[in-house]
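Here's a quick briefing to read with the model open beside you. Take a look at the fold, then go through the notes below.

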Amino acid sequence: MKKLTIFLITALTILHIDGMSCGACATAVKQVLKKVDGVKEARVSYEEKKAVVTYDPNKITAEKIAHTVSQKLPTYKATVVK
Ligand SMILES: [Cu+2]
């Protein structure tokens, strides 16, 4: 019998997001984040002005995720904190 091993690699990044003023902003950012190829999970808080994102590092980088948010939603400015 052949044994199949699948490695699931997940990386986590924290993005600082400027420009959010209410819960709807956080929802908009979250929608965009979730559509980014390679992003697995996204939690966005407008009170903390941040997004916690888990992603597949083989598909995308944290910088690219932040860049995509800033590009698709020019109202907000996303930068990588960690
Ligand atoms: Cu808002």
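In this predicted model, the buried residues of α1 are Ala-26, Val-29, Val-32 and Leu-33. Look down the axis of α1 and those buried residues sit within an arc of 125 degrees, so they line one face of the helix.

**Helix α1**
- α1 runs over residues 23-35, which makes 13 residues.
- From first C-alpha to last, α1 reaches 19 Å, close to the 18 Å expected at 1.5 Å a residue.

**The nonpolar core**
- The largest nonpolar core has 18 residues, and Val-29, Leu-33, Ala-51, Ile-65 and Val-69 are the ones with the most contacts inside it.
- Two or more residues of this core come from each of β1, α1, β2, β3 and α2.
- Leaving out residues up to four places away in sequence, Ile-65 touches Thr-13, Leu-15, Leu-33, Val-36, Val-39, Val-53, Tyr-55 and Ile-60.
- As background, nonpolar side chains tend to be buried together in soluble globular proteins.

- Lys-49 has a positive phi of about 55 degrees, even though it isn't a glycine.
- You'll find Lys-49 in the loop between β2 and β3.

Methods:
Residues are numbered from 1 along each chain as its sequence is written. This is a predicted model: local features need pLDDT of at least 70, side-chain atom pairs count only at pLDDT 80 or more; totals for chains, interfaces and linings use all residues. Helices (H or I, at least four residues) and strands (E, at least two) are DSSP runs, numbered from the N terminus. The expected span of a helix is 1.5 Å times one less than its number of residues. A residue is buried if 20 or more other C-beta atoms lie within 10 Å of its own, exposed if 12 or fewer, and partly exposed in between; C-beta atoms are placed from the backbone. The arc is that of the directions from the helix axis to the C-beta atoms. A nonpolar core is a set of buried Ala, Val, Leu, Ile, Met, Phe, Trp, Tyr and Cys residues joined through C-beta atoms within 7 Å. Two residues are in contact if their C-beta atoms, placed from the backbone, lie within 7 Å.
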